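Please keep the model open beside them as you read.

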Amino acid sequence: MELGLTTFAERYPADGRPAPSAAERLRQVVDEAVATEAAGLDVYGVGEHHRIDFAASAPAVVLAAIAARTERIQLTSAVTVLSSDDPVRVYQDFATLDGLSNGRAELMAGRGSFTESFPLFGYDLADYDQLFDEKLALLLKLREEEPVTWQGKFRAPLDKAIVYPRTDNRPLPVWIAVGGSPESVARAGLLGLPLAIAIIGGEPARFKPLVDLYHRALAEGGHAKQPVAVHAHGYIADTEEAAISEFWEPYTRAMNVIGRERGWGRMTRAQFDAMRGPQGSLFLGTPDVVAEKIATVRDTLGLDRFMLHTSVGTLPPEKVLHTIELLGAKVAPQLG
């Protein structure tokens with residue numbers, strides 16, 4: 001199983017420190033990705049957002065900076081909000097990244113659980129589903145070498161167009177990222193695309209029916225087995241006490257900001273403790289505890305990749321780097 005990290009380049013105040021500037025946070029992200037490769041891990045992902053508390057509005061640019069300082073690690077968006085972007089430009093960005101990184105680029109396409117990008121780029125949320133369906137279909141056509149003639153509702157038509165640059169020796173890898181929608185899971189399977197599931201609450205085991213649905217859709221579409229990945233929040237420290245005390249305040253601060261926007265109640269300590277328990281969604285604790293929990297979810301869902309999202313609330317850079325070190329040195333060996 002592949003193992004790695006994801007980030008949204010979060011920038012919240014924490015530990016008595018002010019929130020880092022966007023520029024400072026982006027430089028930290030590059031350092032984190034370099035450390036992820038140095039720790040022997042497999043993948044680093046950067047998610048797209050368009051708001052003050054997340055600095056990475058242009059993941060392909062951030063990943064290109066990472067590509068210049070790494071040699072082996074896979075570089076993915078986590079996710080690209082395809083619904084509010086232009087598939088032609090998205091393809092160009094990630095094909096360029098693929099060339100710069102010597103064939104290490106991936107793209108995770110999602111509909112977006114945050115909606116700031118829709119008015120920013122002139123799209124109507126009433127078209128939320130249609131936008132994604134149409135733009136995903138075009139993106140997949142653009143991966144082919146032959147000229148594309150295409151007409152849709154949301155962008156100018158294409159007439160025998162080949163979009164450059166092309167990727168060398170392979171189509172651009174495109175995953176479908178989902179938050180739990182059966183329709184999105186089935187779409188990924190019918191199209192024969194890899195599936196990435198974001199688990200940020202509840203019990204990971206409850207996603208088993210969705211993974212089963214995905215495999216049925218793959219078979220129905222006549223496709224070979226494809227990878228399944230999970231993205232989940234968590235943090236690793238040398239002791240359980242340190243993991244809890246260091247993660248609790250930054251994590252709940254960030255989740256309460258988002259919760260106010262979405263009408264959730266404030267996170268309680270009881271909820272936090274349940275989430276970090278054996279059946280919960282937080283992968284938090286010592287390397288042994290986190291390794292056991294990842295292994296359980298891997299075996300339950302049949303995972304090919306697990307991505308840990310650590311700086312949900314902005315942690316001091318040295319704490320994040322230590323988590324990365326522990327993930328590579330002490331968690332990864334236990335997962336085979």
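1. Pro182, Val185, Ala186, Ala188, Gly189 and Leu190 in α6 are in contact (heavy atoms within 4.5 Å) with Leu210, Leu213, Tyr214, Ala217, Leu218 and Glu220 in α7. By class, this contact has ten nonpolar, one polar and one charged residues; Ala, Val, Leu, Ile, Met, Phe, Trp, Tyr, Cys and Pro count as nonpolar, Asp, Glu, Lys and Arg as charged, and the others, Gly among them, as polar. Helices (H or I, at least four residues) and strands (E, at least two) are DSSP runs, numbered from the N terminus.

2. A word on the source: this is a predicted model, where local features need pLDDT of at least 70 and side-chain atom pairs count only at pLDDT 80 or more, while totals for chains, interfaces and linings use all residues. Residues are numbered from 1 along each chain as its sequence is written, and side-chain values use heavy atoms, with hydrogens and water left out.

3. How do the two helices sit? Helix α6 (residues 182-191) packs against helix α7 (residues 208-220) at an angle of about 35 degrees, and their axes are 7 Å apart. Axes are lines fitted to C-alpha atoms, for helices over the stretch in contact, with angles from 0 to 180 degrees between N-to-C directions.

4. Apart from its neighbours within four places in sequence, Gln226 is in contact with Gly192, Leu193, Pro194, Tyr214, Leu218 and Asp304. The C-alpha atoms of Gln226 and Tyr214 are 9.6 Å apart, with the two residues twelve apart along the chain.

5. Now the open space. The largest pocket holds about 830 Å³, and of its 43 lining residues, Phe8, Ser113, Gly179, Ala198 and Ile200 are the closest to its centre. Among the elements that each supply at least two lining residues are α6, β9 (195-199) and α8 (240-262). The lining divides into 22 nonpolar, 14 polar and seven charged residues. On a 1 Å grid over the protein atoms alone, a pocket is an open set of points with protein on both sides within 12 Å along at least five of seven lines, a cavity is a set where a 1.4 Å probe fits but cannot get out, and lining residues have an atom within 4 Å of a point. Grid points are joined across faces, edges and corners, and a volume is the space filled by probe spheres set on the points.

6. The largest cavity contains about 50 Å³, and its lining is Leu5, Thr6, Thr7, Glu32, Tyr44, Thr310, Ser311 and Val320. Strand β1 (residues 2-7) gives the largest share of that lining, three residues.

7. Phe8 and Phe54 are 46 residues apart and link distant parts of the chain.

8. Finally, some backbone details to check. Most residues other than glycine have a negative phi, and most peptide bonds are trans. The bond from Ala78 to Val79 is cis, with omega near 15 degrees, and a cis peptide bond also joins Tyr164 and Pro165, with omega about 5 degrees. Lys160, in strand β7, has a positive phi of about 55 degrees although it is not a glycine.
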